[in-house]
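Student: Hey, I've got this structure open and I'm a bit lost. Can we go through it together?
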Amino acid sequence: MYSRYVWDASNYIGEVLYIKAIDNATGRWGHINLDDINVYNDKPIPEDVDQVAQEPEKGNLPQSGLITDWSAVSGSWIPSTNGSIGGVWECPALIELPIDGDPSKKKWVLQVSINPGGPAGGSGMQYFVGSFDGKTFTNENSSDQILWSDYGADYYAGVEWSGIEGEKGEKYWLGWMSNWTYAQDTPTSTWRSSMSLPRMMELTQTEEGLRLKQTPISLAGIRAETKGISYINEKIKGESDLLSNFSDDTFEMIAEFDLSNTEATEFGFKVRKGTEEYTTVGYDVYNEKLFVDRTNSGNYDFGPDITNKHEGPLKALNGTVKMHIFVDRSALEVFGNNGETVITDQIFPQSSSKGMQIYSKGGDVELKSLKIFPLKSVWKTPPSSVSVLSDWTTISGKWADTINGKQGQGVGDAFILASNFGENFIYEADIKVPDTDSHPDDPEKDNIENPIGAGALVFRSDPTAKNAYAINLDVKNNVVKLMKFVKGTGSDLAIYNNDAKLKLRTNQDYHLKIVAVGDTIKAYLDGQLVIDTKDQSYTRGYFGLNVRGTTAFFNSVRIISSSNSGHSGGNSQNNKGSDSQAVKLPVKASIPASATSGILEYAPGITQKADGRKEAAVVVDDLTLLKALPVRKGSALTLHVKAAGADVVIVELTSMANKLWSEHRTLDLQLITELGTYTLPASRVNRNTSPSNSVPGLRITLSKATMQQNAAIQEAAVKAGATVETTPIDFKAEAVTGSTTTALDFGDTYVSRTLPLSSAMDPNRSTAVCYDEARRKLIFVPSIFRAGDDGASVEIKHNSNGVYTVVNSSPTFGDLPAGYWGKADIELLAAKGIVVGSIKGIFEPSRPVTRAEFAAMLVHALGLKERATPAFRDVVKGSWYSGYLSAAYSAGLVKGYEDGAFRPESGISRQEMALLVHQALQYTGYVSVNSKNGQSLDGYADRSSIAVWAQNAVAAVTAQGIAQGMDTGHYEPHATTTRAEAAVMIKRLLQKIEFINK
């Protein structure tokens, strides 16, 4: 029984007031629940005050007996007879909700958590719908009617946000995603359990009566939309291979199935699918039930009291069943038909189980639509890498990767070691010892125990951390010291305290750096040399971290190796890593002709291959790369390979060299050859790591096109009415792991490469192109032509590997007479292959441009390749625009309408076009002005007519000079756009983002 009480605490305003709950009972386990506590200082005190706040009086209370034998202090006490009564009730929530979005029609909902007795076994949540008169809630359903808030095993103690509601009175809440039956045993670390997604609550009228409806809040902000997948109108039969190429462990999925003509008895998905494990999310057609089945979800045993299959009632809505599914690494939330039925479950598959399969049983079922969005992590990432060390092993204490960095905690010494080892090196990190109490500078006033101690960098350690060195930042005692551990006991070799003037503070980052060469050990604190000593005890060993008597955070942990360093998969002897475990170079490292700050020059020999092509190869190891470091921030590390006459130039950075480069995240890598120049951005390339999260080698290849490639390019140029002006060059950048190479994925980053030109070229009639081998055609790539004293060249900006060349053409159109206002711009774009005539020799400049045509122009303008899978339900595979719309959708340029259609043949409005251009600005990384204040719209007399969803885009493209208003001073957002106007807008966009010459 729960009652609401009101206390008069006015005598305590301005003071801390404690609510003391005294349990005088002894014996068996029980609950005292205090929930929904609110403090009001801005309202009159109610007349019906229960008590004046005061110290409680001592008294003898009965400890046991039937409820009818007790004397009620207040309220009515009766045995519970409503809903599920098989367990303890707790965490009540009394909420008033609208019915089907009508704020004038509301009912009260009483939510109660129960344990045990939940729908899947163990704990769960039930609710009642009824009325509330301010004191008494009355259930309007029959007393034996059980309504479950969630039909899964892992939704409990739901709590609503107080004072927050939607426009129509909807409320928001979330629950604890676990079950008391196994909450303390789930196989996760560093913590167990989590909260569910926040959900919006309202009531909906069904055939059975009023039922709770829960809608998850939008996760659009963390969707990786450019990597989304979509399907429409697919026939699913048996175990379909439609999703055979899917691999992910965190994603959102929205699926709609048409049941109107199905003979299937069951259909759904198998998520987090591995070789032998999967979790089924399905629909039982005959019994009209949505379900999640964890029978094969992994090796974890949820216990005999928990059922494997969790199901809830769900009727098809207009012949359709909709599943909105969220999959996380150890969680699954399923919302049926917009939240009429919800199932929340934890799952614990192997990390490698990332597959998915769609299936049906008993017959075919039509998949009306399916959208899958990979989800980005919500965890904050420190501004720099937490650590470039790998394969950490906890030796003692508690260690975790947190939003504050790598965190260590220990009462005494706590150690963690990486697999990295070294002999001579630079080892550095940022260390912070936190104090979260209210008096960080006066521990005597602390209200809670909050020990302050030391954080340290460990080096030349054995595998047990019992024999090692450590540079210790002791905040408690205001010293920096070099310690030597022998059989687990530490002693001080050198101490620095600046003559007792060193004042170390909590909650402050300190940069600690160690330089160890031979027996010399130096330590720097924030760039100042504080320790310089010698010791010969340990010459080589593992790197690690240590905390003593405190909690400490470590960030930007990195090693710059100068000799005899690497990784070890086994034990070290006498603190020395086994040489057989070190990374072996594929060939002997090349010796540079010169090595200065920021530049390595090579003059390799040239060998002739079996195909007659001449090849020059260079291998760069970490020792050589170290000679060119450091360079100033923001500059490039240049590798200049002089190999006159070579048809192929290959430069390979060993794994350790690539790792060393990867630590300089602002340092681009530039390869200069006679064939061309390739500039790779560190920020993008270093995302391409191997599955083990170690850094692979990096291979860069520049080669003249093969005879077959040349013939294909010439044929494609003839079809396009162009002539090839330069030797096609194949640019490749690949990750190398052993004998396996993987092409680097640059995503939406446009990588620069330069081709030399024999003479200056007209940028209005020339363009760089990339050969699309799959479609045997040339596609425009962003390119800037330059000419100067050092010769002519073209800079190419593109986000993939490929074969590039320069072509020239002079297209004209019969319906563009001399003096026509858009003639020059249209012919410029036509020469670059961005726009084409509708009929041979005709452009139709005054005809309204369609949505498909403008999307195709944008795809051409950004140098994107067509994609095969249709993205919208009204786009037929094989239509001329299907590939363009798929490419535009994958890049996040277009989204279509809510019904899954794109309406490709419809005209595009001026505000729709502005939105697409704004998306292009974002995709290319162009930083536009923040136009959310609407200042760029002030010049439009009809600014109020611009749709809310388009206002920011219209303002941005106006501010950038890409879009302009009409002569009348209006923007005319709903007006259609002509083909000529669209072409001019594309040209302005390309010049603004420097994808073509101005």
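Student: Is Cys-770 buried or exposed?
Tutor: Cys-770 counts as buried, at 0% relative accessibility. Buried means under 20% relative accessible area, exposed means over 50%, and partly exposed is in between, using a 1.4 Å probe and protein chains only. Keep in mind that this is a predicted model: local features need pLDDT of at least 70, side-chain atom pairs count only at pLDDT 80 or more, and totals for chains, interfaces and linings use all residues. Residues are numbered from 1 along each chain as its sequence is written, and side-chain values use heavy atoms, with hydrogens and water left out.

Student: And what about Cys-91, buried or exposed?
Tutor: Cys-91 has a relative accessible area of 18%, so it is buried.

Student: How many disulfides are there?
Tutor: A search of the whole structure finds 0. A disulfide here is a pair of cysteine sulfur atoms within 2.5 Å.

Student: OK, zooming out. How many helices and strands does the chain have?
Tutor: There are 10 helices and 54 strands. Both are DSSP runs numbered from the N terminus: helices are H or I with at least four residues, strands are E with at least two. Of the 998 residues, 50% count as buried.

Student: What share of the contacts is between residues 24 or more positions apart?
Tutor: They account for 69% of the contacts with a separation of 6 or more. Contact means heavy atoms within 4.5 Å.

Student: What holds paired strands together, in general?
Tutor: Strands of a sheet pair through backbone hydrogen bonds, either parallel or antiparallel. The rule used here is that two strands pair if DSSP finds at least two bridges between them. As an example, β14 (residues 251-258) and β23 (residues 365-374) pair in the antiparallel sense over 8 bridges. Glu-252 stands opposite Phe-373 in β23.

Student: What lies over the face of Phe-373?
Tutor: Arg-223 does, at 4.0 Å from the ring centre. A charge sits over a ring if NZ of Lys or CZ of Arg is within 6 Å of the ring centre and within 35 degrees of the ring normal. Arg-903 likewise lies over the face of Tyr-897, at 3.7 Å from the ring centre.

Student: How many aromatic pairs are there?
Tutor: The count comes to 34. Rings of Phe, Tyr and Trp (its six-membered ring) pair if their centres lie within 6.5 Å; planes under 30 degrees apart count as stacked, over 60 as edge-to-face and the rest as tilted. Phe-257 and Phe-267 have ring centres 4.5 Å apart and planes at 40°, so the pair is tilted. Phe-257 lies in β14 and Phe-267 in β15 (residues 266-273), so the pair ties together parts 10 residues apart in sequence. Phe-257 and Phe-267 are buried.

Student: Which residues form a cluster of aromatics?
Tutor: Phe-425, Tyr-427, Phe-459, Tyr-469, Tyr-538 and Phe-543 form one aromatic cluster.

Student: New topic: how many residues of α7 are buried?
Tutor: In α7 (residues 882-890), 9 of the 9 residues are buried, so the helix is largely enclosed by the rest of the structure. They pack against β13, β23, β51 (777-780) and α6 (851-861).

Student: What comes just after α7?
Tutor: Gly-892 comes there, with a positive phi of about 80°. The C-alpha atoms of Gly-892 and Thr-226 are separated by 5.0 Å, though the two residues are 666 residues apart along the chain.

Student: Where is Thr-226, and what does it touch?
Tutor: Thr-226 is in the loop between β12 (209-216) and β13. Not counting residues up to four places away in sequence, Thr-226 touches Ser-890, Ala-891 and Gly-892. Its relative accessible area is 37%, so Thr-226 is partly exposed.
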